[in-house]
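Have the structure open as you read.

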Amino acid sequence: MDRGIARFADGVTDYRPIWPMFEDLFYAQEKRQFQTEGDEGGDHWKELSPVYADWKEAHFPGKPILQRTGDLYASLTSRTDPNAVCREERKTLTLGSRIPYAIYHQRGTSKMPARPEIQLNEGFKREAMHHMQTYLVQMATQCGFRTGMGPLQASRRGPGGWGRL
């Protein structure tokens, strides 16, 4: 059965109708990731070094970690931000940021710990999988795989399954 579902999923040629749902999930997850300073994804972001924390407080008072200017946050929480990456293709969806320094926060450097902005948790993965499964069931239904009829009744419908009884 799982193999049949996998083969059917392989045959789906266009996932663009459900990409907006995935985008909404992603942007909501990212907002929570920033609000919780990494806790949402499972790893609380490391504190700023004392020297940088003092400098940041003097120049950008009250700004949370990774939100000095707000550009990185905006690019990862809004599809309409000019620095947001949101590329929908038939079988792939690419989401991210055009902010050049984002990768250094994501991975860390020899002088800075990683503070991953994008860290998708199990809840995100479950909800995304639910949307994918719902879409595949919908596609299967449109193709006649889920007609509510038994095999004998379906076979009487004729070639293609949609002929007259």
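Start with Asn 121, which caps the N-terminal end of H6: one of its side-chain oxygens sits 3.2 Å from the backbone nitrogen of Gly 123. This is a predicted model, where local features need pLDDT of at least 70, side-chain atom pairs count only at pLDDT 80 or more, and totals for chains, interfaces and linings use all residues. Residues are numbered from 1 along each chain as its sequence is written, and side-chain values use heavy atoms, with hydrogens and water left out.

Now the largest pocket, with a volume of about 420 Å³. Of its 18 lining residues, Tyr 52, Leu 66, Arg 68, His 105 and Met 112 are the closest to the centre. Lining residues have an atom within 4 Å of a pocket grid point.

| Lining class | Residues |
|---|---|
| nonpolar | eight |
| polar | five |
| charged | five |

Last stop: Glu 88, in strand S1 (residues 84–88). Glu 88 is partly exposed at 34% relative accessible area. Leaving out residues up to four places away in sequence, Glu 88 touches Arg 16, Trp 19, Pro 20, Glu 23 and Leu 93 (contact means heavy atoms within 4.5 Å). Glu 88 and Pro 20 are 68 residues apart in sequence, yet 8.9 Å apart C-alpha to C-alpha.

Conventions: On a 1 Å grid over the protein atoms alone, a cavity is a set of points where a 1.4 Å probe fits but cannot get out, and a pocket is an open set with protein on both sides within 12 Å along at least five of seven lines; lining residues have an atom within 4 Å of a point. Grid points are joined across faces, edges and corners, and a volume is the space filled by probe spheres set on the points. Ala, Val, Leu, Ile, Met, Phe, Trp, Tyr, Cys and Pro count as nonpolar, Asp, Glu, Lys and Arg as charged, and the others, Gly among them, as polar. A polar contact is a pair of N or O atoms within 3.5 Å; within protein, one must be able to donate a hydrogen and the other to accept it, and residues adjacent in sequence count only if both atoms are side-chain atoms. Helices (H or I, at least four residues) and strands (E, at least two) are DSSP runs, numbered from the N terminus. Buried means under 20% relative accessible area, exposed over 50%, partly exposed in between (1.4 Å probe, protein chains only).
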